[in-house]
Amino acid sequence: MNNYYEASLPSRASWPRLDGDVHVDVAIVGCGITGVATAVELAERGYQVALLDANTVGWGATGRNGGQVTGSLSVEN
Ligand SMILES: Cc1cc2nc3c(=O)[nH]c(=O)nc-3n(C[C@H](O)[C@H](O)[C@H](O)COP(=O)(O)OP(=O)(O)OC[C@H]3O[C@@H](n4cnc5c(N)ncnc54)[C@H](O)[C@@H]3O)c2cc1C
């Protein structure tokens, strides 16, 4: 990955590779905003969550977007 968000990180986090079986309440595939937000919500409710990605956190659209927050695209007027 080569984008602004990664380039401006103070340090690069490393994530363990899944090795063998894990037993959790919910397994989430995809560490974009959708997967990470879902994992946080579930973990805060006491669920054991595994968050998996073929690449790394923020590799997809989440790490490449323009960062614009607007209701105009999703709220019906
Ligand atoms: C150029 C661009 C600009 C944008 N600008 C904005 C904006 O300004 N404002 C806004 O609100 N939205 C914007 N968006 C949209 C927004 O970025 C996306 O809607 C959002 O990031 C999608 O998040 P996601 O978690 O669903 O998917 P992603 O962030 O794409 O994450 C999906 C993850 O799943 C992983 N994955 C996929 N398949 C597998 C598999 N089989 N096994 C394991 N892992 C897998 C990928 O590696 C990836 O990390 C933009 C998008 C783009 C591309």
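## An exposed residue and its place

P16 is exposed, since 5 other C-beta atoms lie within 10 Å of its own, and a residue counts as exposed if that number is 12 or fewer. The model is a predicted one. P16 sits in the loop that runs between helix 1 and strand 1. From P16 to N65 the C-alpha distance is 25 Å, and the two are 49 residues apart in sequence.

## A buried residue

G58 is found in the segment after strand 2, which covers 49–52. Is G58 buried or exposed? G58 is buried, because 21 other C-beta atoms lie within 10 Å and the cut-off for a buried residue is 20 or more. Leaving aside residues up to four places away in sequence, G58 touches Y5, C31, G32 and G63. Between the C-alpha atoms of G58 and T38 there are 14 Å, with 20 residues separating the two along the chain.

The table sets the two residues side by side.

| Residue | State | Other C-beta atoms within 10 Å |
|---|---|---|
| P16 | exposed | 5 |
| G58 | buried | 21 |

## The chain as a whole

Two helices and two strands make up the elements of the chain, and from the N terminus on they run α-β-α-β. The chain is more spread out than a compact globule, because its radius of gyration is 15 Å, well over the 11 Å that the globule rule gives for 77 residues. The C-alpha trace spans about 45 × 35 × 20 Å along its principal axes. Of the 77 residues in the chain, 4% are buried. Among contacts between residues at least 6 apart in sequence, 52% join residues at least 24 apart.

The average pLDDT is 87, and 91% of the residues score at least 70. The lowest confidence is in helix 1 (residues 4–7), with a mean of 76, and the highest is in strand 1 (residues 26–29), at 98.

## Helix 2

Helix 2 has 12 residues, and from its first C-alpha to its last it reaches 16 Å, close to the 16 Å expected at 1.5 Å a residue. After helix 2 comes G46, with a positive phi near 95°.

## Around the ligand

How many residues surround the ligand? There are 20, and the closest are G30, G32, G60, T62 and N65. G32 is also one of the residues that G58 touches. Helix 2 (residues 33–44) supplies the largest share of the shell around the ligand, three residues. By kind, the shell has seven nonpolar, 11 polar and two charged residues.

Technical notes
Residues are numbered from 1 along each chain as its sequence is written. This is a predicted model: local features need pLDDT of at least 70, side-chain atom pairs count only at pLDDT 80 or more; totals for chains, interfaces and linings use all residues. Helices (H or I, at least four residues) and strands (E, at least two) are DSSP runs, numbered from the N terminus. The radius of gyration is taken over C-alpha atoms; the globule rule is 2.2 Å times the number of residues to the power 0.38. Two residues are in contact if their C-beta atoms, placed from the backbone, lie within 7 Å. pLDDT is the predictor's confidence in each residue, from 0 to 100. A residue is near a molecule or strand if its C-beta atom, placed from the backbone, lies within 6 Å of it. Ala, Val, Leu, Ile, Met, Phe, Trp, Tyr, Cys and Pro count as nonpolar, Asp, Glu, Lys and Arg as charged, and the others, Gly among them, as polar. The expected span of a helix is 1.5 Å times one less than its number of residues.
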